[in-house]
Amino acid sequence: MARTSIPGYARVKYDCDKCVAYCCSIYERVQVTPKDVRRLAEHFKVTTEAAALRFTKLNGKERILRRRADRLFGQACMFLNQDTRKCTIYDARPDVCREFPDSSRCAYFDLIEWERKQQDDPDVIPLVKITFRESK
Ligand code: SF4
Ligand code: SF4
């Protein structure tokens, strides 16, 4: 989801340019608010109805971004460039993408850095899957 500064933090300790966009790939639900849909509509110069239909879908009562097949993780956000691993709608991305990881550290960046060091291979890509279970 890729950003370089966070209000309140002097500097972030992750570098999205050295990452493979775990955040845009492994989360099945990227929430989209009505404001996000309006921003997408403006960006693509379509109606909000068309933007909602083309770029989002309902997951129960929640509206989320559509996904598509991804060569690394199986699936990823439809707006992820799979060659550069960068967001293709950076200025129009949803708020939740702007907020992630809401910390000076990113656990996935720590993981890729750690594995690359462990494997002594600057290009290795640890694959990750994350699932959630309701607690009771
Ligand atoms: S909109 Fe952009 S930043 Fe958000 S999940 Fe998709 S590719 Fe990532
Ligand atoms: S997983 Fe973390 S380091 Fe990687 S692109 Fe997303 S925010 Fe950046």
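In the predicted model, Tyr108 is in contact with Tyr22, Ile26, Tyr27, Phe100, Val128 and Ile130, residues up to four places away in sequence being left out of the count. Tyr108 and Tyr22 are also the residues that touch the most other members of the largest nonpolar core, a set of 19 residues. Two elements, helix 1 (22-25) and helix 5 (107-118), each give two or more residues to this core. Apart from it lies another core, made up of 14 residues, among them Val32, Val37, Cys77 and Ala92.

Two cavities of 30 Å³ or more are present in the structure. The second largest cavity holds about 80 Å³ of space. Its lining comprises 11 residues, and those nearest the centre of this cavity are Cys24, Leu65, Cys77, Cys87 and Cys97. In terms of residue class, the lining of the second largest cavity consists of 11 nonpolar residues, with no polar and no charged ones.

Arg39 belongs to helix 2, which spans residues 34-44. Arg39 is classed as buried because its relative accessible area, 19%, falls under the 20% cut-off. Beyond residues up to four places away in sequence, Arg39 touches Asp91, Ala92, Arg93, Pro94, Asp95 and Arg98.

Terms used
Residues numbered from 1 in each chain as written. Chains lettered and ligands numbered in written order. Predicted model: local features only at pLDDT ≥ 70, side-chain atom pairs only at ≥ 80, totals over all residues. Heavy atoms only, no water. 1 Å grid on protein atoms, 1.4 Å probe; cavity = no way out; pocket = protein on both sides within 12 Å on 5 of 7 lines; lining within 4 Å. Points joined across faces, edges and corners; volume = space filled by probe spheres on them. Nonpolar A, V, L, I, M, F, W, Y, C, P; charged D, E, K, R; others polar. Core = buried A, V, L, I, M, F, W, Y, C linked by side-chain atoms within 4.5 Å. Buried < 20%, exposed > 50% of the residue type's maximum accessible area, 1.4 Å probe, protein only. Helix = DSSP H or I, 4+ residues; strand = E, 2+ residues; numbered from the N terminus. Contact = heavy atoms within 4.5 Å.
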